[in-house]
Amino acid sequence: METMYFKDGKLFLLDQTRLPEEVTYETCATYQDVAGCIRDMKVRGAPAIGAAAAYGMALAVLANESADRDEQTAALKRAGEELLATRPTAVNLRWAVERMLEKARAYTGSPHEMAGALLAEAEAIFREDVTCNERIGMYGQELVPDEARILTHCNAGALATAGYGTALGVIRAARQAGKKITVFADETRPFLQGARLTTFELMKDGIDVVLITDSMAGYLMSREGVDLVIVGADRIAANGDTANKIGTYGLAVLAHAHGIPFYVAAPLSTVDFRLESGDAIPIEERAEEEVTHFKGRRVAPEGVRVWNPAFDVTPRRLITAIITDAGVIHPPFKEGLARFG
Ligand code: MRU
């Protein structure tokens with residue numbers, strides 16, 4: 001099942017808000033459609049929103065195919081700004097938009113062929129992500145013992161990327177290496193990416209998965225045993241501090257308290273070398289209805305005050321290693337990451 005594909009001048013995005021009940025694709029004919037799908041989380045996960053935004057940039061030029069170079073540049077700038085404003089935390093979005101702008105700047109052909117060149121770049125971003133994830137899997141699986149009991153949070157799988165996944169890519173690679181794995185998937189309140197998407201993805205692949213609510217993680221570690229925790233990332237600062245789905249920080253504290261390794265799996269495009277530490281990572285806050293309602297039904301009193309940050313930041317001291325497409329980086333992360341910056 002593809003997270004997205006481009007056909008006949010349109011981008012088709014798997015609507016993740018309808019999974020697991022329905023497998024339907026949203027049609028995006030314009031970059032504004034793509035921006036809407038990112039904002040509404042029909043497409044989500046840092047690498048997937050980066051790839052979708054890249055296609056959105058190509059659509060912005062397709063809509064101005066017969067315009068001159070200046071008009072195309074202005075259209076791209078507008079599209080880039082609008083796409084960047086959709087979700088602030090995942091840096092892959094900025095990375096992809098900047099890569100598309102750079103491609104446009106370096107383009108020397110005729111304006112009416114610019115859309116084709118940008119489309120090819122978006123496709124390259126999409127394809128490279130799968131290769132990247134396979135490399136993360138290859139490096140990461142060496143950290144996974146046979147018969148491992150692995151806890152994961154949110155969905156950092158094929159659905160959150162162009163394919164294979166980052167955290168779930170490591171799990172897939174460990175399985176492919178012949179290891180027996182049991183995955184515990186946190187449900188991931190309030191958007192339920194773990195309950196709806198991670199379980200769906202792993203069950204499809206025949207990987208043993210047990211669904212728990214977020215509040216069960218500590219008890220699971222203390223009573224049943226967990227060999228390692230592995231999560232994805234939305235933005236990693238230059239010193240290794242990592243923003244990921246809300247609840248990740250709590251898991252890292254719990255893992256530390258129980259002496260369990262805590263791994264972050266992410267492509268180097270998730271590292272923001274411009275930020276010295278996690279303090280500067282912008283954290284998206286989402287609508288209160290995500291917390292006050294369940295499946296469209298109100299579950300909290302009318303008028304209650306709500307705080308709904310979509311991400312948190314795990315300090316580097318709680319992270320055992322960062323698994324990237326260039327290899328496993330151990331502390332001190334600042335020096336380790338700087339080799340690739
Ligand atoms: O709000 P989401 O669903 O986009 O958040 C997704 C996550 O936090 C993932 O762990 C992260 O983007 C990495 S996906 C490979």
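How do α3 and α4 lie to each other, roughly parallel or roughly antiparallel? Point 2 gives the answer.

1. **Ground rules.** This is a predicted model, in which local features need pLDDT of at least 70 and side-chain atom pairs count only at pLDDT 80 or more, while totals for chains, interfaces and linings use all residues. Residues are numbered from 1 along each chain as its sequence is written, and side-chain values use heavy atoms, with hydrogens and water left out. Helices (H or I, at least four residues) and strands (E, at least two) are DSSP runs, numbered from the N terminus.

2. **α3 against α4.** The two axes come within 10 Å and cross at roughly 175°. Axes here are lines fitted to C-alpha atoms, for helices over the stretch in contact, and angles run from 0 to 180 degrees between N-to-C directions. Angles under 35 degrees count as roughly parallel, over 145 as roughly antiparallel, 65 to 115 as roughly perpendicular and the rest as oblique. α3 and α4 are therefore roughly antiparallel to each other. From α3, the residues Arg-69, Leu-76, Gly-80, Leu-83 and Leu-84 meet Leu-93, Arg-94, Val-97, Leu-101, Ala-104 and Arg-105 of α4. Contact means heavy atoms within 4.5 Å. By class, this contact of α3 with α4 has 7 nonpolar, 1 polar and 3 charged residues. Ala, Val, Leu, Ile, Met, Phe, Trp, Tyr, Cys and Pro count as nonpolar, Asp, Glu, Lys and Arg as charged, and the others, Gly among them, as polar.

3. **α3 against α1.** Helix α1 (residues 31–39) packs with helix α3 (residues 69–84) at an angle of about 10°, and their axes are 9 Å apart. These two are therefore roughly parallel to each other. α1 brings Tyr-31, Gln-32, Val-34, Ala-35 and Ile-38 to the contact, and α3 brings Arg-78, Ala-79, Glu-82 and Leu-83. The contact of α1 with α3 divides into 6 nonpolar, 1 polar and 2 charged residues.

4. **The three-stranded sheet.** This open sheet has 3 strands in the order β1-β2-β3, with antiparallel pairing. Two strands pair if DSSP finds at least two bridges between them. β1 (4–7) and β3 (25–28) are the edge strands, and each pairs on one side only. The twist averages 25° from one strand to the next. Strand β2 (residues 10–14) is joined to β3 by 4 bridges. Leu-13 stands opposite Glu-26 in β3. Helix α1 packs on this sheet, touching β2 and β3, and its direction makes about 145° with that of β3.

5. **The cores.** A nonpolar core is a set of buried Ala, Val, Leu, Ile, Met, Phe, Trp, Tyr and Cys residues joined through side-chain atoms within 4.5 Å. The largest has 43 residues, of which Met-4, Leu-11, Ile-38 and Val-43 touch the most other members. Helix α2 (46–62) is among its suppliers. With 13 residues, α2 gives the most to this core. Leu-11 touches Ala-52, Tyr-55 and Leu-59, among others, not counting residues up to four places away in sequence. Another core lies apart, of 25 residues, including Ile-212, Ala-252, Ile-329 and Phe-333.

6. **The seven-stranded sheet.** Here 7 strands form an open sheet in the order β6-β5-β4-β7-β10-β15-β16, and the pairing is mixed. Its edge strands are β6 (208–212) and β16 (327–329). Strand β10 (residues 262–265) pairs with strand β15 (residues 321–324) in the parallel sense over 3 bridges. Val-264 stands opposite Ile-322 in β15. The bridge partner of Ala-265 in β15 is Ile-323. Strand β7 (residues 228–231) also pairs with β10 in the parallel sense, over 3 bridges. There, Val-231 stands opposite Val-264. Both faces of β10 are covered: Phe-262 and Val-264 are buried on one side, Tyr-263 and Ala-265 on the other.

7. **Two residues to look at.** Ala-74 is found in helix α3. Is Ala-74 buried, exposed or partly exposed? Ala-74 is partly exposed, with a relative accessible area of 33%. Buried means under 20% relative accessible area, exposed over 50%, partly exposed in between (1.4 Å probe, protein chains only). Thr-161 sits in the loop between β4 (148–152) and α6 (167–176). At 1% relative accessibility, Thr-161 counts as buried. Thr-161 touches Thr-3, Pro-47, Ala-48, Asp-129, Asn-133 and Thr-166, leaving out residues up to four places away in sequence. Ala-74 and Thr-161 are 87 residues apart in sequence and 29 Å apart in space, C-alpha to C-alpha.
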